[in-house]
Each structure stands twice: as C-alpha cells, then as structure tokens.
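Dear colleague,

Please find the structure below, followed by a short account of what was found in it.

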Amino acid sequence: MDGKVYVVTSGKGGVGKTTTVANLGTGLAKLGKKVALIDADIGLRNLDVVLGLENRIVYDIVDVVEKKCRQEQALIKDKRYSSLCLLPAAQTRDKTAVSPKQMGELITQLKKDFDYVIIDSPAGIEQGFKNAIEGADEAIVVTTPEVAAVRDADRIIGMLEAEGLSNPELIINRVRVDMMRRGDMMNIEDMVEILAIQLLGIVPEDENIVVSTNTGEPIVLTEDAQAGEAFWNITRRLEGEDIPLISLEEGVVDRLKRFVGLK
Amino acid sequence: MIDLMKGMFNKDELQSKDLAKERLRLVLVHDRMGVSPEVIEDMKEELIQVISKYLEIDKDGLEMELDRQENSVALVANIPVKQLKKR
C-alpha cells in the first residue's frame, strides 16, 4: 500500500516549517515508521542542517529528476533511525530546476517504499510552493501568533483548497503562554476561528530549539523540552492517537513551584 | 507577579492582542475578496458625491469598511448627516 504524503507549508518564512518537518519525520521514525523527508527548497536547502546530515550529501533532488543518479542513491539515511531518509534540495540551482510534473512522478515512486513522505515547502507562493504541493495528499500549515504569519497562512490555505488540498491542518508554533495570559499575543482560539481549519498542534516557544539546531539533533528526541513534547504529541496524532492538546494554562502548583525555584 | 496583577486590574484596557486580531480581521476581508483599500477609497469618494446631492454630510466623519461576520461580508458605512439640504 502507498504511504501518506504530507506537505508542510506556511507562506511566510521563518515560522518553523523545516523544524516541523525534521521533528515529525524523526518522531514517526521513532515510532517505527518508514519516512522520507523531501527538502523542496531548492537553492536554500536547510533541512539537512537541521537534521545534522549536511556532511553526507552526495546527490540531490535535481540529480534524481535529471536522472544523474538513482533515487536510492540520493536518499540519505538518518544517523539515529535507519527508517528515516532525506532527499536533499540542490543548493546551486533554483526552483525552476524541477517541474511539478517531475515532482509528482518522484513522489509516486517514493510513496511505494515509505509509510510517510513529508515535503518541506519553501516560503512564498511561487513555483517552489507549487512543486511542493504536487503529489501531496494532505497539507500541514505552520503559523506563529503574529498578524503577518496568520495573514500569509490564510492566503496559503486558500491556495491549497484551490489545488484540491481541502482539509489542511494547522500547527501554531512559537507560542508564549505568558504573553497570551497578559493579552499581548493572539489567543489560540482566535487564530483557529479566523483561519477556520482543524488545529493539529500547538508548539511553545522554547530555547532548546536553538540548541537543537546548533547540534543538529531534532528536539523531539530531547526529554523534558516543551517543544519536543509538543512535536511528539503531534507525531502521535498523525498516527491516529487521540492526544489532547498541550494544556496552555499552567496549573497553580506549577506556578508556585516555579516561583519558589523548584521548576 | 507584576504582570499577573496587571492582568487582573487592566482588564478594560485594550490589549495588544485585540488590536492584532482586529487588524488581521480587516486585512483578511480585503485579501479574501481581492478588494484593495484604494477601491474602497474610490467608492467612498463617489458615494460622498451622490449623497451630498441630497444631504449635507460630515465628510471627515464618514467611515466605510468591509466587515465580515460569520460567513457573510457586509459593506458598512457610517455617514454623519449635518442637515437636510434645502431644495
């Protein structure tokens, strides 16, 4: 049976698409699934670095579509999970190096061998984005609690729906509970209401993310990291588990502990 | 702690999240309909001309915007009338 193909997109750059792809891919591999991650951001590749695989690249996605190598040759095995593979973007080419048709054929091939294919879309709404959504069965839209990011997410949702990806799911990244409580950050409910799509997960802002990108170790593997826990929960939701959304209201006991320095 | 107390006492004050939500709501109404703010401005000018034929209105106090409620979009205009024109 063919695997499921997700595209992770956002419109706006810098909201956490690549981080999301790296963590969901690693999480699914940890659950024993066969996963292929595709970096569709040709010319600005980053997924390799976030996964810590930048030194292993020999061939890339353009080499595959130009038939300079076989598909298996370009797929890089993850250091931690052998069931996780990365198809890197080309760094010295641009988005026109791959056509939507070629992308579609590539994905048709890949999903035969994997349980999940997750495509990391570039920012923007141009050809790179159009390539990235070609062949996807489902879309995940990543946004942050800012006017510009939510606005772009809305536009992307409209474009996804026009391309037949009619039920995209939403991840709200870089959430700061303290600012929400103060009324200085839009509420989750407000954003979900405005965008009118299904909420897949909330990821808190977490300093550990910076550390994880420094080291090339996805945060989903770090115990006790809030963002890691959030990505782990999203991973399990993708697998059909019924995991409640992370409680945003920190309990009174937690607050007290933090106050006296126990936490 | 100070933040917590601020949150308790300043409930009536406009919070920046409300401003964000309002600005987002308005910008999305235009984005989704493909109507630019300039079009609204042109429409406003023409509307002033038409209404001015019949009523004396406060042109500076005139407000016009697209508003979205639930699933419908409305053109909402608030036009302060100074007095009926003597004909």
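Why does M185(A) count as buried? M185(A) has 24 C-beta neighbours inside 10 Å and therefore counts as buried (20 or more other C-beta atoms within 10 Å, with C-beta atoms placed from the backbone).

This is a predicted model, in which local features need pLDDT of at least 70 and side-chain atom pairs count only at pLDDT 80 or more, while totals for chains, interfaces and linings use all residues. Residues are numbered from 1 along each chain as its sequence is written, and chains are lettered from A in the order in which they are written.

M185(A) lies in the loop between α8 and α9 of chain A (helices are DSSP runs of H or I of at least four residues, numbered from the N terminus). Its C-alpha atom is separated by 7.7 Å from that of E146(A), 39 residues apart along the chain. Beyond neighbours within four places in sequence, M185(A) is in contact (C-beta atoms, placed from the backbone, within 7 Å) with P145(A), R176(A), M179(A), M180(A) and, from the other chain, K17(B).

Between the chains, 14 residues of chain A are in contact with 13 residues of chain B. On the side of chain A that touches chain B, two or more residues each come from α7 (147-162), α8 (177-182) and α9 (188-195). The most come from α7(A), with five residues.

Within chain A, helices α1 (residues 17-30) and α11 (residues 226-238) pack at about 60°, with axes 9 Å apart (axes are lines fitted to C-alpha atoms over the stretch in contact, and angles run from 0 to 180 degrees between N-to-C directions). The contact involves N23(A), L24(A), G27(A) and L28(A) of α1(A), and F231(A), W232(A), I234(A), T235(A) and L238(A) of α11(A).

Yours sincerely

Definitions and conventions:
Two residues are in contact if their C-beta atoms, placed from the backbone, lie within 7 Å. A residue is buried if 20 or more other C-beta atoms lie within 10 Å of its own, exposed if 12 or fewer, and partly exposed in between; C-beta atoms are placed from the backbone.
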